[in-house]
Amino acid sequence: MKQNNKTIIDLPASIHDSRNGLNYTLHGDYYLPDITIEPGKPLGKYGRARLQYLKEYRSNIYTRLVLNGKLYDDLNTTDGAARHMLETLVPALAKDAGMNERLKASDPVKWVGMMNATKAQVEEIIWNELICI
(Lines give C-alpha, C1' and ligand atoms only; values in the text may rest on other atoms or scores of the structure.)
Protein backbone atom coordinates (compact mmCIF):
# COMPACT_ATOMS: atom_id res chain seq x y z
CA MET A 1 0.00 0.00 0.00
CA LYS A 2 1.34 3.47 -0.85
CA GLN A 3 0.55 6.67 0.94
CA ASN A 4 2.20 10.00 0.04
CA ASN A 5 5.14 8.27 -1.70
CA LYS A 6 5.78 6.09 1.37
CA THR A 7 5.32 2.37 1.52
CA ILE A 8 3.48 1.02 4.53
CA ILE A 9 4.20 -2.59 5.35
CA ASP A 10 1.57 -4.58 7.17
CA LEU A 11 3.37 -6.57 9.85
CA PRO A 12 1.92 -9.68 11.45
CA ALA A 13 0.52 -9.14 14.93
CA SER A 14 2.70 -11.90 16.38
CA ILE A 15 5.68 -13.98 15.30
CA HIS A 16 7.61 -16.96 16.63
CA ASP A 17 11.42 -17.14 16.71
CA SER A 18 12.41 -20.78 16.33
CA ARG A 19 16.02 -20.01 17.34
CA ASN A 20 15.10 -19.13 20.92
CA GLY A 21 11.58 -20.56 21.11
CA LEU A 22 9.96 -17.25 22.07
CA ASN A 23 6.80 -15.69 20.71
CA TYR A 24 6.73 -11.94 20.03
CA THR A 25 3.77 -9.57 19.81
CA LEU A 26 3.75 -6.34 17.82
CA HIS A 27 3.43 -3.25 20.03
CA GLY A 28 3.55 -0.11 17.89
CA ASP A 29 6.67 -0.47 15.74
CA TYR A 30 8.39 -3.07 17.92
CA TYR A 31 8.04 -6.76 18.61
CA LEU A 32 8.22 -7.50 22.33
CA PRO A 33 8.67 -11.02 23.73
CA ASP A 34 5.66 -12.68 25.32
CA ILE A 35 7.23 -13.46 28.68
CA THR A 36 5.33 -14.34 31.80
CA ILE A 37 6.82 -15.22 35.15
CA GLU A 38 5.09 -18.22 36.62
CA PRO A 39 5.45 -18.03 40.39
CA GLY A 40 5.87 -21.28 42.21
CA LYS A 41 5.31 -21.70 45.90
CA PRO A 42 5.52 -18.51 47.97
CA LEU A 43 9.05 -17.22 48.53
CA GLY A 44 10.61 -17.07 51.95
CA LYS A 45 12.86 -14.39 53.39
CA TYR A 46 16.00 -15.52 51.60
CA GLY A 47 14.29 -16.13 48.25
CA ARG A 48 12.88 -12.59 48.31
CA ALA A 49 16.31 -11.23 49.25
CA ARG A 50 17.89 -13.10 46.31
CA LEU A 51 15.22 -11.72 43.96
CA GLN A 52 15.90 -8.15 45.11
CA TYR A 53 19.67 -8.64 44.79
CA LEU A 54 19.35 -10.05 41.27
CA LYS A 55 17.12 -7.19 40.15
CA GLU A 56 19.38 -4.49 41.60
CA TYR A 57 22.90 -5.80 41.06
CA ARG A 58 22.85 -8.77 38.67
CA SER A 59 20.28 -7.81 36.06
CA ASN A 60 21.94 -10.01 33.43
CA ILE A 61 21.44 -13.14 35.57
CA TYR A 62 17.90 -12.02 36.45
CA THR A 63 17.03 -11.56 32.76
CA ARG A 64 18.55 -14.91 31.80
CA LEU A 65 16.59 -16.70 34.53
CA VAL A 66 13.36 -14.99 33.47
CA LEU A 67 13.89 -15.83 29.79
CA ASN A 68 14.67 -19.46 30.62
CA GLY A 69 11.69 -19.74 32.96
CA LYS A 70 13.98 -20.74 35.84
CA LEU A 71 13.68 -17.67 38.09
CA TYR A 72 11.40 -19.17 40.74
CA ASP A 73 13.30 -22.47 40.68
CA ASP A 74 16.49 -20.56 41.52
CA LEU A 75 14.78 -18.46 44.20
CA ASN A 76 13.15 -21.46 45.90
CA THR A 77 16.40 -23.44 45.76
CA THR A 78 18.28 -20.54 47.35
CA ASP A 79 15.61 -20.12 50.02
CA GLY A 80 15.64 -23.83 50.89
CA ALA A 81 19.43 -23.99 51.04
CA ALA A 82 19.56 -20.88 53.23
CA ARG A 83 16.97 -22.23 55.67
CA HIS A 84 18.84 -25.55 55.84
CA MET A 85 22.11 -23.71 56.48
CA LEU A 86 20.46 -21.66 59.24
CA GLU A 87 18.95 -24.77 60.87
CA THR A 88 22.25 -26.65 60.90
CA LEU A 89 24.84 -23.93 61.54
CA VAL A 90 23.13 -22.07 64.40
CA PRO A 91 23.03 -25.11 66.72
CA ALA A 92 26.56 -26.14 65.74
CA LEU A 93 28.01 -22.69 66.39
CA ALA A 94 26.01 -22.35 69.60
CA LYS A 95 27.39 -25.65 70.86
CA ASP A 96 30.95 -24.61 69.95
CA ALA A 97 30.46 -21.32 71.84
CA GLY A 98 29.37 -23.16 74.97
CA MET A 99 25.71 -22.16 74.88
CA ASN A 100 23.70 -24.85 76.61
CA GLU A 101 20.57 -25.29 78.69
CA ARG A 102 22.47 -24.59 81.90
CA LEU A 103 23.55 -21.15 80.61
CA LYS A 104 20.01 -20.54 79.38
CA ALA A 105 18.63 -21.25 82.86
CA SER A 106 21.30 -19.38 84.82
CA ASP A 107 21.73 -16.27 82.63
CA PRO A 108 18.95 -16.02 80.02
CA VAL A 109 19.89 -12.50 78.92
CA LYS A 110 23.44 -13.57 78.10
CA TRP A 111 22.14 -16.68 76.33
CA VAL A 112 19.74 -14.63 74.15
CA GLY A 113 22.52 -12.19 73.26
CA MET A 114 24.86 -15.00 72.30
CA MET A 115 22.15 -16.73 70.24
CA ASN A 116 21.36 -13.48 68.41
CA ALA A 117 25.06 -12.99 67.64
CA THR A 118 25.30 -16.58 66.39
CA LYS A 119 22.25 -16.17 64.15
CA ALA A 120 23.71 -12.92 62.77
CA GLN A 121 26.96 -14.73 61.94
CA VAL A 122 25.09 -17.47 60.09
CA GLU A 123 22.96 -14.95 58.19
CA GLU A 124 26.13 -13.16 57.10
CA ILE A 125 27.43 -16.47 55.75
CA ILE A 126 24.11 -17.03 53.94
CA TRP A 127 24.23 -13.57 52.35
CA ASN A 128 27.82 -14.05 51.16
CA GLU A 129 27.55 -17.64 49.97
CA LEU A 130 23.99 -17.98 48.68
CA ILE A 131 22.28 -14.68 48.03
CA CYS A 132 24.98 -12.35 46.71
CA ILE A 133 26.50 -14.65 44.10
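Axes here are lines fitted to C-alpha atoms, for helices over the stretch in contact, and angles run from 0 to 180 degrees between N-to-C directions. Helices (H or I, at least four residues) and strands (E, at least two) are DSSP runs numbered from the N terminus. The model is predicted, with local features requiring pLDDT of at least 70 and side-chain atom pairs pLDDT 80 or more, while totals for chains, interfaces and linings use all residues. Residues are numbered from 1 along each chain as its sequence is written, and side-chain values use heavy atoms, leaving out hydrogens and water.

**Exercise 1.** Find the angle at which helix α1 and helix α2 pack, and the residues that meet.

*Solution.* Begin with the axes: α1 (residues 45–57) and α2 (residues 59–68) pack at about 115°, with their axes 6 Å apart. Next, take the contacts (heavy atoms within 4.5 Å): L51, L54, K55 and Y57 in α1 meet S59, I61, Y62 and L65 in α2. By class, this contact has 6 nonpolar, 1 polar and 1 charged residues.

**Exercise 2.** Determine how far helix α3 reaches, and what its buried residues pack against.

*Solution.* Helix α3 (residues 71–96) has 26 residues and reaches 37 Å from its first C-alpha to its last, close to the 38 Å expected at 1.5 Å a residue, where the expected span is 1.5 Å times one less than the number of residues. Now look for buried residues (under 20% relative accessible area, 1.4 Å probe, protein chains only); among them are L71, L75, A82 and L86. The buried residues of α3 pack against α1, α2 and α5 (108–131). Finally, α3 is followed by G98, whose phi is positive, near 85°.

Technical notes. Ala, Val, Leu, Ile, Met, Phe, Trp, Tyr, Cys and Pro count as nonpolar, Asp, Glu, Lys and Arg as charged, and the others, Gly among them, as polar. Buried means under 20% relative accessible area, exposed over 50%, partly exposed in between (1.4 Å probe, protein chains only).
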